[in-house]
2 protein chains.
Amino acid sequence: MNEIEIWTYDWVPAGPRGLVRDLRLRWACEEAGLPYTVRTVPFDGRETNHLSRQPFGQVPYLNDGEVAIFESGAGLLHLARKSEVLMPRDRVGESDTLQWTIAALNSIEMVTVPYWFLSMSGDADNALRGWRDQRLDQLEQVLGEREWLAAGRFTAADLLMADVLRVLKGSAFDARPATAAYVARLTSRPAFRKVHADQIAQFAAADDARAAAG
Amino acid sequence: MNEIEIWTYDWVPAGPRGLVRDLRLRWACEEAGLPYTVRTVPFDGRETNHLSRQPFGQVPYLNDGEVAIFESGAGLLHLARKSEVLMPRDRVGESDTLQWTIAALNSIEMVTVPYWFLSMSGDADNALRGWRDQRLDQLEQVLGEREWLAAGRFTAADLLMADVLRVLKGSAFDARPATAAYVARLTSRPAFRKVHADQIAQFAAADDARAAAG
């Protein structure tokens, strides 16, 4: 088997540590038992220094033999195709996992990330609040009725949805107990805890090298 | 082969005609030569009348034999797996198509749709303008260098990216000639023109039934 390479930055400031999206791919590999190596591209100059690998200047991207793939959602689906742990092999289970993976990216994150962007200027009651709340309420209804989003068991869709949701402020969970319990359940998995700690440790270790170079 | 069912609303107001996302699935079926039927759910009561099929109250969703799938992006990837016209069968071509399909959903549409949402209140210079412009500029750079996003030929990724981009105001294209040419090229394809006309005609025909019922 080819060793999977997960590419991220060589350093990030304290704020985003534990939140960089390479975590999604690390988490998937840990759940599936797929061997992987984390490799890095310089944070400084990231807007242009790896456009040939990621046309929006972001991370992560992934190498797997001859396959080179960017977009964390695409990398996750690529890994899911390699392991039944992440996605069932039957058509119904696979399409169920696929639809909820895309829902995390295009129905939930499409509003939660821009909402967060607007909130950074201090306006939690911004113009995207109503739309965000509606989507979270709809998701709360789903999660109130079942433990996992797709196929009656843990899949890549849960991994991604939990990663999308865990970054929200606590107020998003106050009146949504099923969502809060879901996120707590997913982020207490040993694979998540390991890769979360790994990412924070990696970026913290880079502080010294950066200080020495600076 | 099971007949594919594409579900949309039974009617929409004039504004969104030609823009409802069932178009993405119709377009894919036409490109691939996959037989399909368009079926409808009532527009009135859409917030709750089909939550068992689409948990956010939206359209489209798709039936294909035992597979039932929502999220236009997921339906598109499902169809792409059925036809090499939409996605190459080799691992490299397939992952290239996958990454650009996800990029349309999670790197471009993630900002263009919320930007449009904020613009509806008349503020084209809203807080998401800079982010949107950056992403469109990065995409312009890519499209300046090649005709198709993935695998050196038309794929589902082009279909989706063109559908995401075509709804933007003309000002988005003024300084981005490669993007403008790309959208023009994709939307001049016979399959797009057919399904665009079909969707508009279907909703217009429903005006009469609605008037009679009202």
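**The core and its surroundings**

Modeller: This is a predicted model. Start with overall shape. For 214 residues, a compact globule would have a radius of gyration near 17 Å; chain A has 17 Å, so the two agree. Its C-alpha trace spans about 50 × 45 × 30 Å along the principal axes.

Now the elements. Chain A holds seven helices and four strands. Their order along the sequence is β-α-β-β-β-α-α-α-α-α-α. Contacts reach across that order. Take the contacts in chain A between residues at least 6 apart in sequence: 69% of them join residues at least 24 apart.

Next, burial. In chain A, 40% of the 214 residues count as buried. In soluble globular proteins, nonpolar side chains tend to be buried together. The largest nonpolar core here has 104 residues. Within that core, Met161(A) and Met161(B) touch the most other members.

Look closely at Met161(A). Set aside its neighbours within four places in sequence. Met161(A) is then in contact with Trp100(A), Ala104(A), Ile108(A) and Leu149(A).

Chain B superposes on chain A by a rotation of 180°, with 0.0 Å of shift along the axis and an RMSD of 0.0 Å. The two copies are therefore related as by a two-fold rotation axis. Both copies use the same surface: 100% of the contact residues of chain B recur in chain A. Where does chain B come closest to the rotation axis? At Met110(B), whose C-alpha lies 2.3 Å from the axis.

Notes. Residues are numbered from 1 along each chain as its sequence is written. Chains are lettered from A and ligands numbered from 1 in the order in which they are written. This is a predicted model: local features need pLDDT of at least 70, side-chain atom pairs count only at pLDDT 80 or more; totals for chains, interfaces and linings use all residues. A nonpolar core is a set of buried Ala, Val, Leu, Ile, Met, Phe, Trp, Tyr and Cys residues joined through C-beta atoms within 7 Å. A residue is buried if 20 or more other C-beta atoms lie within 10 Å of its own, exposed if 12 or fewer, and partly exposed in between; C-beta atoms are placed from the backbone. Two residues are in contact if their C-beta atoms, placed from the backbone, lie within 7 Å. Helices (H or I, at least four residues) and strands (E, at least two) are DSSP runs, numbered from the N terminus. The radius of gyration is taken over C-alpha atoms; the globule rule is 2.2 Å times the number of residues to the power 0.38. Copies are superposed by least squares on the C-alpha atoms of residues with pLDDT of at least 70 in both.
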